[in-house]
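Please read them with the structure open.

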Amino acid sequence: MADPRPAKPGTRIRGRRPTRLWWISAVVLLVVVGVAAWIGVRAYLAKNALEAAQSDARVLQSAVLTGDDADLKDRQRSLAEHTRRAVGLTSDPVWRVTEFVPFLGANLTAVREAAAATDSIAVDVLPDVIGLADSVTLSSLLPGGGSIATEELRAVAPRLATASTAALAVAKRVDAISTDWTLPIVGDAIDKLRTTVDDTSSMLDTAARATALLPDMAGGAGPRNIMVMIQNNAELRSSGGIAGAVALIHAENGTISFGGTRSSDDFTGFPTPVLPLSPFEQNVYTDNLGTYIQDTNLTVDFSRTGELAAAMGTQVFGVPIDAVIAIDPYVLANLLEATGPIALPDGSELTAENTVRTLLSDVYARFPDRLDQDAFFATVSGAVFDEMLTRSPDPKALGAALAASGEENRLHVWSAHPAEQERLAETTLAGIPPADDDEGVYTGVYLEDLTRAKMDYYLESKAEVYYARCTAQGPVYTVAVTLTSTAPADAATSLPPYVTAEGRFGTAPGSIATRVVIHGPLGGALLAAKDGDDLAVKAVTDPAGRLYAQTDVTLEPGQSKELVFTLLAPDAPEVPPNLVTTPGITGKTTISAFPRCGS
């Protein structure tokens with residue numbers, strides 16, 4: 001029974017403190033729930049706004065390419081509204097304070113930064129792009145009727161350069177957004193934004209460089225002669241394949257004309273190198289580098305290939321060569337995706353689907369005689385260039401075709417004009433080994449045919465860079481190159497003699513002989529090379545101080561070999577390696593970053 005007497009003054013009454021604590025806890029809980037609800041609602045609304053903005057951005061890309069003015073204006077307004085709303089939703093004081101909460105904060109920071117980056121696209125990039133689209137459409141700048149609008153290209157170049165610079169800055173901001181501690185849904189959204197922004201930046205960068213280079217290269221500042229090397233990947237070289245056919249294009253005041261095709265046989269009259277070769281080049285490539293058009297791209301540096309090929313072209317065509325472009329059947333296949341099929345004089349069609357097989361395999365079964373093959377290649381070249389120069393391709397499809405060719409390392413350009421070459425050197429089109437910098441340590445894997453035939457159509461290859469550890473000298477990593485012959489078991493007798501070479505150059509009919517080249521890094525060293533057993537390797541240092549190592553491999557039909565190279569990269573930055581390969585090699589880097597070695 002409770003004591004009915006009143007408490008004395010100052011007497012502590014049991015049960016009141018828990019009641020106060022309960023109320024304080026309840027208030028704190030309500031505040032937390034309120035903040036969570038506030039943040040949750042705003043995050044949901046911001047997510048919807050960002051998704052809508054990304055959708056607008058994708059449609060805008062197409063609208064810019066097609067010149068759809070109505071869609072451009074509407075989408076620009078829509079994108080600006082969505083990005084402004086997303087920024088407003090993610091920048092209030094409550095949101096910013098909550099970013100300091102463990103785990104939750106990483107998600108809020110990522111969303112805020114994504115919103116700000118998306119808004120920068122709308123504010124800093126789109127005005128120049130829309131202004132450009134108001135005055136000219138991309139389709140009007142493309143080749144059509146055998147000409148290019150050089151002055152129109154020159155006029156839009158500055159505005160595209162400004163938009164490209166702004167887009168690149170946004171792309172770097174998005175790439176820097178950390179998703180290490182975010183929820184999967186946030187990480188996935190940032191990845192999608194990264195893809196959209198990177199695509200936009202890449203498209204603008206390509207357009208900016210093209211408009212800066214094309215006016216003069218198309219003869220806007222004087223006549224130009226451009227030599228096109230059509231590489232045959234069935235007989236491999238570092239940049240793709242031998243120059244099986246060489247075409248000449250003349251450009252003057254934007255008017256483009258086809259000057260005919262020569263076979264590689266027309267480039268055989270050079271008793272000595274057309275340009276002086278360095279001791280390194282003579283040691284590694286022999287004089288063949290400067291005396292045979294088919295061997296000018298043995299070097300892994302296409303800028304050197306361009307110089308040598310231009311010197312040969314000047315003698316063969318009788319005109320100074322201003323630029324050299326290298327393409328292969330895969331580039332043609334990509335372009336045919338944009339232009340549609342091309343009818344050949346014999347009644348057949350060249351399509352995106354059959355181009356590679358037709359030019360790298362079927363031609364040798366169809367025309368056993370070398371002269372007939374050359375005649376066919378000349379016919380195809382003439383038909384292709386005539387169609388490419390006179391058709392007006394879909395801009396979006398053409399952009400995708402050129403982008404795919406560039407990403408696959410199949411499209412290379414060299415210019416004899418220093419200012420143009422300097423611009424090209426900043427792109428992968430130049431085919432120049434990249435520098436070792438904070439973007440990664442350059443590691444090159446290249447293949448050269450030794451069969452001296454057309455067996456590389458049956459060669460599959462992949463390269464992997466993996467496993468890095470520290471040593472006293474610096475990071476050590478491994479490059480694994482796997483080669484596989486897909487030739488039929490009876491290749492020696494079932495394939496045409498021109499394809500197998502019938503053993504005339506020391507390789508058994510049906511087998512594939514290949515030289516594997518490992519190039520880079522600066523100051524690097526080859527520590528080991530094995531395919532189970534130790535490999536015989538020629539390892540030297542190139543004039544830039546890079547490792548250059550080569551070894552020869554022969555595969556019988558159906559055989560596969562893995563070659564493992566262990567490399568030292570003494571001055572490697574703490575970034576993933578940068579793998580560059582001969583087109584066709586399936587390559588990947590599995591090292592997320594080099595380890596930090598030393599003090």
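The points below take up a sheet and then the cavities.

1. Bear in mind that this is a predicted model. Every value below is computed from it.

2. Start with the open sheet. Five strands build it, in the order E13-E14-E11-E8-E16. Their pairing is mixed.

3. Look next at the edges. Strand E13 (538-541) sits at one, and strand E16 (578-581) at the other. Each has a single partner strand, so one side of each has no neighbour in the sheet. On average, neighbouring strands of this sheet are turned by 20° against each other, direction ignored.

4. Strand E8 (residues 442-449) and strand E11 (residues 512-522) run antiparallel. Six bridges join them.

5. Now the cavities. The structure has three of 30 Å³ or more. The largest cavity has a volume of about 170 Å³.

6. What lines the largest cavity? The lining has 15 residues. Nearest the centre lie Ile-230, Ala-245, Leu-359, Phe-377 and Ser-381. By type, the lining divides into 11 nonpolar and four polar residues, with no charged ones.

7. Which elements supply at least two residues each to that lining? They are strands E1 (224-232) and E2 (242-252), together with helices H11 (329-339), H12 (355-366) and H13 (370-390). H13 gives the most, with five residues.

Terms used
Residues numbered from 1 in each chain as written. Predicted model: local features only at pLDDT ≥ 70, side-chain atom pairs only at ≥ 80, totals over all residues. Heavy atoms only, no water. Pairing = 2+ DSSP bridges. Helix = DSSP H or I, 4+ residues; strand = E, 2+ residues; numbered from the N terminus. Axes fitted to C-alpha atoms, helices over the stretch in contact; angles between N-to-C directions. 1 Å grid on protein atoms, 1.4 Å probe; cavity = no way out; pocket = protein on both sides within 12 Å on 5 of 7 lines; lining within 4 Å. Points joined across faces, edges and corners; volume = space filled by probe spheres on them. Nonpolar A, V, L, I, M, F, W, Y, C, P; charged D, E, K, R; others polar.
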